[in-house]
Amino acid sequence: MPVSASLPAPAGEAREHGERVRAHLHAAIADAGGWLDFERFMSLALYAPGLGYYSAGATKLGAGGDFVTAPELGPLFAQSLARSLAPVLAEHPDAGIVEFGAGTGALAAELLPALAALGFAVPDYAILETSAALKARQQTRIAALPGDHASRVRWLDRLPPAAPVGIVIANEVLDALPVRRFRVEADGVRPLGVVRDGDSFAWRIGDADAALAREVESRLGPELAALPTGYESELCALMPAWVASALELFDSGVALFVDYGLPRREYYAPERSGGTLRCHYRHHAHSDPFLVPGLQDITAWVDFTTVAEAAVAAGWEVAGFATQAHWLLDSGVLEVVAAPAVDARAEAERARELRMLTMPGEMGERFRVMALSRGVDPVPAGFGLRDLRDRL
Ligand SMILES: C[S@@+](CC[C@H](N)C(=O)[O-])C[C@H]1O[C@@H](n2cnc3c(N)ncnc32)[C@H](O)[C@@H]1O
């Protein structure tokens, strides 16, 4: 059965919106001379003003949307993150937090009370969000928090000048950065782009692209020679600059990036021959970015070696790298779960949440947590159980 047959068909306003996005993408392909690099396609499908998935008003996250993230499942992720950050905040109580891409605001809404319960009143919690629709949801959610938490939260329109010390958080944001796609051909690496195919789109190999070939060679080194002809994958050319600018927010501090991802050697393993693109539409995951552009999320797994290299180039250190399961367990998620629940139903829900966050077949193994640090000691907890830095 083709993927399209198993997806719910968009109806009403969503269908009309999808048609507008398709027309916009077709026009962009025509403007580019009939072939559009995939990075540009992904960028427009996600972020074209008023049209892209993250720029327009679709529900996106949560039960009524397209996908569920770890903070959306319940409070356990945020409560564990609070414990992971506790050693840093104990030494640097003046550290502010900047969260990139806060979704519905679920993480912030749980993290601030969880930190307060541990005795930390974060002086400043800033959110950098590209989606106006999600920013509005975040503002409503944060405003409803009891106590004075909301008074510490502000939204930034652009990257501010560096502050002395702070914490950067991004959960499932790096996988939303547009990627280039490439294919290994007998005569070298070639870009994969998008052409119009009637009402839809199709992949087409592009002309040799020296910049792309250089970047693939430089990232993969001798491992490139082991990849068979026809091998396809992704490369996030934007990642190094994105990481560098996120780390410029603070002269010293820590950053925690959580995402689907792998060290480079595993990311570009010969058997992973179709790449890592993942699209999410109404809780169906598939790998066809042409199905319902504008209505579905499009993501690519993160090459964490590139994140680490960008951090080191910016003068930061990689303080830890672990699976989400190991990081949660070492941060004390089981102690959080051991606290009495309000009733049996709440206890069952918490057990389900713990399973979703930690089981290898769910989020436990595919999600990785990377901690970066500069000029602070101690670093976040969570990396004592199994630190995978040697795989980077
Ligand atoms: C998959 S959602 C994750 C949301 C949230 N962090 C969570 O875990 O529930 C991706 C989020 O990143 C935002 N986003 C995408 N690209 C971004 C960028 N370059 N800078 C900041 N936010 C971005 C999206 O609007 C959205 O809020």
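View 1. Not counting residues up to four places away in sequence, Leu372 touches Leu247, Val254, Ala255, Ala311, Trp316, Glu317, Val318 and Ala319. Like everything in these views, this comes from a predicted model. The largest nonpolar core runs to 113 residues, and Leu372 is among those with the most contacts inside it, alongside Ala108 and Met370.

View 2. How many of the residues of helix 12 are buried? The count is 8 of the 8, so helix 12 is largely enclosed by the rest of the structure. Reading along, the buried residues are Gln324, Ala325, His326, Trp327, Leu328, Leu329, Asp330 and Ser331. What does the covering of these residues include? Helix 5, helix 13 and helix 14 take part, and so do strand 10 (250–262), strand 15 (317–323) and strand 16.

View 3. Start with the length check: helix 14 covers residues 344–358, and at 1.5 Å a residue its 15 residues should span 21 Å, which agrees with end C-alpha atoms that are 21 Å apart. Its buried residues are Leu354, Leu357 and Thr358. They cover an arc of only 75 degrees around the axis, and that puts them on the same side of helix 14. Helix 4 (70–73), helix 5 (76–91), helix 12 (324–331) and helix 13 (333–338) are included in what covers those buried residues.

**View 4. Helix 3 and what packs on it.** Helix 3 (residues 38–47) has 7 of its 10 residues buried, so it is largely enclosed by the rest of the structure. The ones to look for are Phe38, Glu39, Phe41, Met42, Leu44, Ala45 and Leu46. Which elements do they pack against? The partners are helix 2 (12–31), strand 1 (36–37), strand 6, strand 7 (188–197) and strand 13 (297–299).

**View 5. The shell around the ligand.** The ligand is surrounded by 20 residues, and the closest are Thr69, Gly101, Gly103, Ser131 and Asn171. Helix 4 and helix 6 (106–117) are the elements that give two or more residues to this shell. Sorted by class, the shell around the ligand splits into 11 nonpolar, 6 polar and 3 charged residues.

**View 6. Leu145 in its loop.** Leu145 sits in the loop between helix 7 (132–143) and strand 4 (153–156). Is Leu145 buried, exposed or partly exposed? Because it has 18 other C-beta atoms within 10 Å, Leu145 is partly exposed. Leaving aside neighbours within four places in sequence, its contacts are Ala109, Leu112 and Ala150. Pro113 is 32 residues away from Leu145 along the chain, with 8.9 Å between the two C-alpha atoms.

**View 7. Ala117 in helix 6.** Ala117 is part of helix 6. Here the C-beta count is 10 neighbours inside 10 Å, so Ala117 counts as exposed. For a sense of scale, Ala117 and Ala56 are 61 residues apart in sequence, and their C-alpha atoms are 36 Å apart in space.

View 8. First, the background: most residues other than glycine have a negative phi, and most peptide bonds are trans. Glu172 has a positive phi near 55 degrees and belongs to the loop between strand 5 (163–171) and strand 6 (180–185). His283 also has a positive phi, near 70 degrees, and its loop runs between strand 11 (278–281) and strand 12 (284–286). Which is Glu172, buried or exposed? With 23 C-beta neighbours inside 10 Å, Glu172 counts as buried. His283, with 12 C-beta neighbours inside 10 Å, counts as exposed. The cis peptide bond joins Asp377 and Pro378, with omega at about 5 degrees. Pro378 falls in the segment after strand 16 (367–374).

Definitions and conventions
Residues are numbered from 1 along each chain as its sequence is written. This is a predicted model: local features need pLDDT of at least 70, side-chain atom pairs count only at pLDDT 80 or more; totals for chains, interfaces and linings use all residues. Helices (H or I, at least four residues) and strands (E, at least two) are DSSP runs, numbered from the N terminus. The expected span of a helix is 1.5 Å times one less than its number of residues. A residue is buried if 20 or more other C-beta atoms lie within 10 Å of its own, exposed if 12 or fewer, and partly exposed in between; C-beta atoms are placed from the backbone. The arc is that of the directions from the helix axis to the C-beta atoms. Two residues are in contact if their C-beta atoms, placed from the backbone, lie within 7 Å. A residue is near a molecule or strand if its C-beta atom, placed from the backbone, lies within 6 Å of it. Ala, Val, Leu, Ile, Met, Phe, Trp, Tyr, Cys and Pro count as nonpolar, Asp, Glu, Lys and Arg as charged, and the others, Gly among them, as polar. A nonpolar core is a set of buried Ala, Val, Leu, Ile, Met, Phe, Trp, Tyr and Cys residues joined through C-beta atoms within 7 Å.
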